[in-house]
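Hi,

Here is the structure I promised to pass on.

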Amino acid sequence: MSNYQGGCDHVHIKANAEPIDNHECHCNVCKGVTGQQHTHVAFFNYGDVTVDHPEKVNRQPFNSANPNGPLELCTCADCGAALMLDDKEKRIRVAVPNVMGYDDAAFPAASYHAFYDETKDYAKPSDGRPVYEGLRPDFAWPASA
């Protein structure tokens, strides 16, 4: 049994481990893709996430301003549902629980706020979790799978 399951009726995503990073993202790319002011994002080691029907996955650049960047937004070829972010360098796979078919309540709460900067047009988060201008300082990108 996997710890976390997402996806849609056509493509099932399973994560068999805990996230290696779990944050509320305030970056402009996430805002543009999700339409949310901030987004719960969980990074998993690449090999901890499986896809049952990879042939039904469409891929497009996650960041349209950096189309050759490492992250791709994966969507279902049948219904268009957002499934995950996939790393072309095979370091991580990313879940956005409330957008990608997961039970958001089953995920641990995000432990910090990432990519917040003082130029944002809203108040700095004050919910007791740390707030960083990037990922948490101790985060280390895993090696490619």
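Asp-86 counts as buried because its relative accessibility is 2% (buried is under 20% relative accessible area, exposed over 50%, partly exposed in between, with a 1.4 Å probe and protein chains only). Bear in mind that this is a predicted model, where local features need pLDDT of at least 70, side-chain atom pairs count only at pLDDT 80 or more, and totals for chains, interfaces and linings use all residues. Residues are numbered from 1 along each chain as its sequence is written, and side-chain values use heavy atoms, with hydrogens and water left out.

So what does the Asp-86 side chain make a polar contact with? One partner is the side chain of Arg-59, at 2.8 Å, and another is the side chain of Arg-93, at 2.9 Å. (A polar contact is a pair of N or O atoms within 3.5 Å; within protein, one must be able to donate a hydrogen and the other to accept it, and residues adjacent in sequence count only if both atoms are side-chain atoms.) Leaving out residues up to four places away in sequence, Asp-86 also touches others, including Tyr-46, Pro-70, Leu-71 and Cys-74 (contact means heavy atoms within 4.5 Å).

S8 pairs with strand S9, residues 92–95, in the antiparallel sense over two bridges (pairing takes at least two DSSP bridges between two strands). Leu-85 stands opposite Val-94 in S9. Both strands belong to an open, mixed sheet of seven, ordered S6-S7-S8-S9-S4-S3-S10. Its edge strands are S6 (57–61) and S10 (112–114), each pairing on one side only.

Cheers

Definitions and conventions
Helix = DSSP H or I, 4+ residues; strand = E, 2+ residues; numbered from the N terminus.
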